[in-house]
Each structure stands twice: as structure tokens, then as C-alpha cells.
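Hello,

I am passing on the structure we spoke of, with notes on what turned up in it. Please have the model open as you read.

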Amino acid sequence: MGLPGHRRTSGDKRRRAAQHGLDAVNPAICPKCDKATHPHRACAFCGTYRGRQVVDVAKRAARTVRKTKKK
Ligand SMILES: [Zn+2]
């Protein structure tokens with residue numbers, strides 16, 4: 001079975017771990033409702049993407065209510 005050729009120093013570990021952090025999300029502003037949303041995704045508040053209605057927000061809210069009631 002393979003064994004590590006050298007001991008990994010604390011500095012080695014820190015340098016490797018320095019790449020593991022998550023970047024902060026750069027929010028996009030919805031042109032319709034002016035709320036901060038994820039870029040390249042339909043707005044979670046009004047359901048539009050590039051000025052087009054793509055998600056029926058009322059229907060989705062009703063579904064969420066139904067799902068939470070079941071439990
Ligand atoms: Zn919106």
C-alpha cells in the first residue's frame with residue numbers, strides 16, 4: 001500500500017486549505033421588482049427572467065403551503 005513520501009507540514013495544509021473557501025455571491029438586481037436575486041436565475045420574488053414571466057409565483061406559493069401542511 002502506498003505511503004506518503006513526506007510529512008505534510010501545517011503550512012502545507014494551510015496553503016492547500018486556502019483554496020477551499022466559498023466566494024461571496026454577487027447579487028443581481030431584478031429589473032421588475034428591484035430585489036436582490038441570484039444572477040442567471042429566475043427572480044424568486046416575481047418569477048421573471050430577462051423580462052419574461054417564467055415561474056407562476058402564486059402557484060408555487062400554494063404548492064409550498066400544501067407541502068408544509070402535509071407534515
Ligand atoms: Zn423580481
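Arg 15 and Asp 12 both sit in helix 1 (residues 10–17), three residues apart, or about one turn of the helix. Bear in mind throughout that this is a predicted model.

Those two residues form a salt bridge, with the closest N and O atoms 3.4 Å apart. Asp 12 also forms a salt bridge with Arg 8, where the closest N and O atoms are 3.7 Å apart. The count comes to two salt bridges, and through shared partners they join Arg 8, Asp 12 and Arg 15 into one network. As for accessibility, Arg 15 counts as exposed at 57% relative accessibility. Arg 8 is partly exposed, with a relative accessible area of 48%, and Asp 12 is partly exposed as well, at 25%.

Next, the metal. Cys 30, Cys 33, Cys 43 and Cys 46 coordinate the zinc ion through their SG atoms, at 2.2 to 2.3 Å. Angles among the four donor atoms run from 103 to 119°, and the site is tetrahedral. Along the chain the donors follow the spacing C-x2-C-x9-C-x2-C. Cys 43 and Cys 46 are both buried.

Last, the largest pocket, which holds about 170 Å³ of space. It is lined by 14 residues, and those closest to its centre are Pro 31, Thr 37, Arg 41, Tyr 49 and Arg 50. Strand 1 (28–29) and strand 3 (48–49) are the elements that give two or more residues to this lining. By type, the lining residues are seven nonpolar, five polar and two charged.

Regards

Note on methods. Residues numbered from 1 in each chain as written. Predicted model: local features only at pLDDT ≥ 70, side-chain atom pairs only at ≥ 80, totals over all residues. Heavy atoms only, no water. 1 Å grid on protein atoms, 1.4 Å probe; cavity = no way out; pocket = protein on both sides within 12 Å on 5 of 7 lines; lining within 4 Å. Points joined across faces, edges and corners; volume = space filled by probe spheres on them. Helix = DSSP H or I, 4+ residues; strand = E, 2+ residues; numbered from the N terminus. Nonpolar A, V, L, I, M, F, W, Y, C, P; charged D, E, K, R; others polar. Donors = N, O, S within 2.8 Å, 3.2 Å for Na, K, Ca; no water. Tetrahedral: all angles 85-135°; square planar, octahedral: opposite > 155°, others 65-115°. Buried < 20%, exposed > 50% of the residue type's maximum accessible area, 1.4 Å probe, protein only. Salt bridge = Lys/Arg side-chain N within 4 Å of Asp/Glu carboxyl O.
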